[in-house]
Amino acid sequence: MIEFQQVNKWYGKYHALVDVTETIARGEVLVVCGPSGSGKSTLIRTINRLEEIQSGHILLDGKDIHGPGVDVNALRSGIGFVFQQFNLFPHLSVLENCTLAPVHLGRLTVAEAREKALALLDRVGLAGKANVHPAQLSGGQQQRVAIARALVMNPPLMLFDEPTSALDPEMVGEVLLVMRDLARDGMTMVCVTHEMGFAREVADRVLFMDHGKVLERGTPDDFFNRPQHPRAQKFLSDIRTPFS
């Protein structure tokens with residue numbers, strides 16, 4: 001479904017993505033992990049062109065999405081993206097946040113969007129919060145609204161950029177449960193996350209990045225129990241013994 005071919009990205013002189021070549025299959029749950037500044041978020045943001053690349057190609061269903069003539073708005077409307085900071089409109093109700101895009105883009109009528117949004121809010125456990133505003137919700141609830149909002153567009157692909165890192169620890173689990181349910185339904189998902197328990201349980205594959213390079217890739221079992229690259233071995237050792 002997604003193919004990276006020798007992708008490079010610079011910020012000035014800083015080489016953020018270095019010759020990344022990777023394939024992500026339809027229906028696959030891919031977790032991207034690594035230390036801060038490793039290029040994880042940059043990588044995921046190139047998939048919907050929130051970040052541009054300087055060389056290489058990224059193919060989505062065979063189409064070069066960084067090529068000339070691509071309708072970026074159309075591209076993004078077909079990709080669900082859940083951000084670290086929720087990015088809900090504070091002046092709109094939960095339901096209005098969820099129905100704005102499909103109605104504005106002509107995907108659904110107001111009635112259709114409302115029906116679908118209410119069903120998805122029920123799915124993420126927030127049917128009773130449809131008419132409240134984001135400020136009245138906890139962080140975990142806001143992030144679940146953000147997931148429902150993305151799903152209203154019926155995207156074939158969902159991107160998660162550290163969706164739990166802004167949450168209090170007790171709220172993390174409720175968001176991961178929703179993501180786990182999506183994975184079980186066969187949604188194609190690319191997740192940048194520090195939640196190694198989620199990676200171990202839900203991912204089909206794990207990518208480990210450092211300094212803009214993919215240093216290791218494998219099943220969760222291989223990555224957590226038999227890491228090959230010394231940097232991945234050190235990363236896993238450090239997170240297992242944080243106070244040593």
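**Contacts, a sheet and a helix pair**

Leaving aside neighbours within four places in sequence, R205 is in contact (heavy atoms within 4.5 Å) with E22, T23, I24, E28, V29, L30, V31, R217, G218, T219 and P220. R205 lies in strand β9 (residues 205–210), where strands are DSSP runs of E of at least two residues, numbered from the N terminus. With a relative accessible area of 16%, R205 is buried, a term for values under 20% with a 1.4 Å probe and protein chains only. The model is predicted, so local features need pLDDT of at least 70 and side-chain atom pairs count only at pLDDT 80 or more, while totals for chains, interfaces and linings use all residues. Residues are numbered from 1 along each chain as its sequence is written, and side-chain values use heavy atoms, leaving out hydrogens and water.

Turning to the sheet, 4 strands form an open arrangement in the order β2-β1-β4-β5, with antiparallel pairing; two strands pair if DSSP finds at least two bridges between them. Because β2 (14–24) and β5 (63–64) stand at the edges with a single partner strand each, one side of each is left without a neighbour in the sheet. Strand β1 (residues 2–11) is joined to β4 (residues 55–60) by 5 bridges, and Q5 has H57 in β4 as its bridge partner.

Among the helices (DSSP runs of H or I, at least four residues), K116, A117, L120 and L121 in α4 meet V145, A148, L151 and V152 in α5. The residues of this contact divide into 7 nonpolar, no polar and 1 charged.

Definitions and conventions. Ala, Val, Leu, Ile, Met, Phe, Trp, Tyr, Cys and Pro count as nonpolar, Asp, Glu, Lys and Arg as charged, and the others, Gly among them, as polar. Buried means under 20% relative accessible area, exposed over 50%, partly exposed in between (1.4 Å probe, protein chains only).
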